[in-house]
Amino acid sequence: MALDSSFETPVPVSRVATLVAQWIDRLGAIHVEGQITQISRRPGAGMVFLTLRDPAQDVSMSVTCPRGVYEQIIPAPAEGQRVVIRAKPVFYRGRGQFSLQLQELRQVGIGELLARIEQLKAKLAAQGLFDPGRKQPLPFLPQLIGLITGRASAAEKDVLENTRRRWPGVRFEVREVAVQGATAVPQVIGALTELDGHPEVDVIVIARGGGSVEDLLPFSDEQLLLAVAKCSTPVVSAIGHEPDSPLLDLVADLRASTPTDAAKRIVPDVREELERVRIARERMRGAVERLLDREERALANYRSRPSLAAPYDMVERREQELVEARGRTRRALEQRIARDSEVLGQTLARVRALSPLKTLERGYAIVQAAEGAVVRDAGEVTAGQRLGVRLASGRLAVSVVEATAEVTPAPTASD
């Protein structure tokens, strides 16, 4: 329950310490799992001091263990080990410090660790983190490679030297972190987050040499695996040797059996690429030469044809044919004009023979009334009527003095 206190009625330190100690004392003995990060054994001291850390979180606790209890633990605990302890939470009133008073310690066996890894593997598989469809392809030639590895480690040297041997111009952004122990997971996650946010990093390599199952446990940590799954940059796992298989291998976009293998997988070999370029150039040159040869043969075949071997002969033949055709056309036209001129002359002669002018030239005349009508009968006019007389040459205006109809006897049979 909350204490009633104020600036006027404060609670003494001893009272607060007593209440906290009483509350913690009610917890009783508890079982705690963690990783031993520090062991301090002072000569002649009755207590051994340990630091127990959560390998997945940046949280640690102090553990006190009577020397007699500690010396009965076989095999003796070592830093970096995963353990489960039964301990009594204790709050020391005089120093205001909290610790766990160890009563029993059991080391987490390899079999149990592997069983936990298998459980986590099944869980992540059900979430789809191992699905090949979510894996990102690596760029053909990354310009900047992010490398997460141990400080001055052989894995770092292998990746850097082998990668630059294959492609000398490649650049690295290296993050040196703890790759085992209690601080490995948060440091690797921090470096991973930083490199994933780097705008120029094309691929991230997490590399570490071989080790025991306990040494490689950080790379099967759930928080690290989830962080890798969220990365937008492709991630390559290069942990341990060929037989080693931390869960990071399944979550990463590419698994390399060793750090040296990672160097071979992330960049092409410049010598191999130059050889491919040489072969491609030779193939293209051969293809072009074959094409030119084929087209040259086809051109020679076309040129051997008569129409192309002597192209002016065809033009000259066509020119001669045109000249002959023009001559034939001219002769046919002249013949036609002469024939038509003769026919026209004959027709003109007939027309002239039938023309009224010819009749008038023989002494005949045409008599017309004032309105222009031709007078054919004397009975059609009256005395005094003015008529017009058309002669072969000129016209006369006359006046009728007398009109006498002349009877023409009908022709007889003897006629």
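This is a predicted model: local features need pLDDT of at least 70, side-chain atom pairs count only at pLDDT 80 or more; totals for chains, interfaces and linings use all residues.
Residues are numbered from 1 along each chain as its sequence is written, and side-chain values use heavy atoms, with hydrogens and water left out.

Strands of a sheet pair through backbone hydrogen bonds, either parallel or antiparallel. Here, three strands form an open sheet in the order 11-12-13, with antiparallel pairing. Strands (E, at least two residues) and helices (H or I, at least four residues) are DSSP runs, numbered from the N terminus, and two strands pair if DSSP finds at least two bridges between them. Strand 11 (366-368) and strand 13 (395-399) stand at the edges; each has a single partner strand, so one side of each is left without a neighbour in the sheet. From one strand to the next, the twist averages 25°.

Strand 11 is joined to strand 12 (residues 386-390) by three bridges, whereas strand 12 pairs with strand 13 over five bridges. Val389 also has a bridge partner in strand 13, namely Leu396. Four residues lie between the strands in the hairpin of strand 12 and strand 13, where Gly394 takes a positive phi near 100°.

Two packed helices are described by the angle between their axes and the distance between the axes. Helix 5 (residues 184-196) and helix 6 (residues 222-230) pack at an angle of about 10°, and their axes are 9 Å apart. Axes are lines fitted to C-alpha atoms, for helices over the stretch in contact, and angles run from 0 to 180 degrees between N-to-C directions. Helix 5 is therefore roughly parallel to helix 6, a term for angles under 35 degrees. Val185, Val188, Ile189 and Leu192 in helix 5 meet Gln223, Leu224, Ala227 and Val228 in helix 6; contact means heavy atoms within 4.5 Å.

Thr149 has a relative accessible area of 1% and is buried, that is, under 20% relative accessible area with a 1.4 Å probe, protein chains only. A polar atom of the Thr149 side chain lies 3.3 Å from the backbone oxygen of Ala207. Leaving aside neighbours within four places in sequence, Thr149 is in contact with residues including Ala155, Val174, Val177 and Ala207.

Conventions. Angles under 35 degrees count as roughly parallel, over 145 as roughly antiparallel, 65 to 115 as roughly perpendicular and the rest as oblique. Buried means under 20% relative accessible area, exposed over 50%, partly exposed in between (1.4 Å probe, protein chains only). A polar contact is a pair of N or O atoms within 3.5 Å; within protein, one must be able to donate a hydrogen and the other to accept it, and residues adjacent in sequence count only if both atoms are side-chain atoms.
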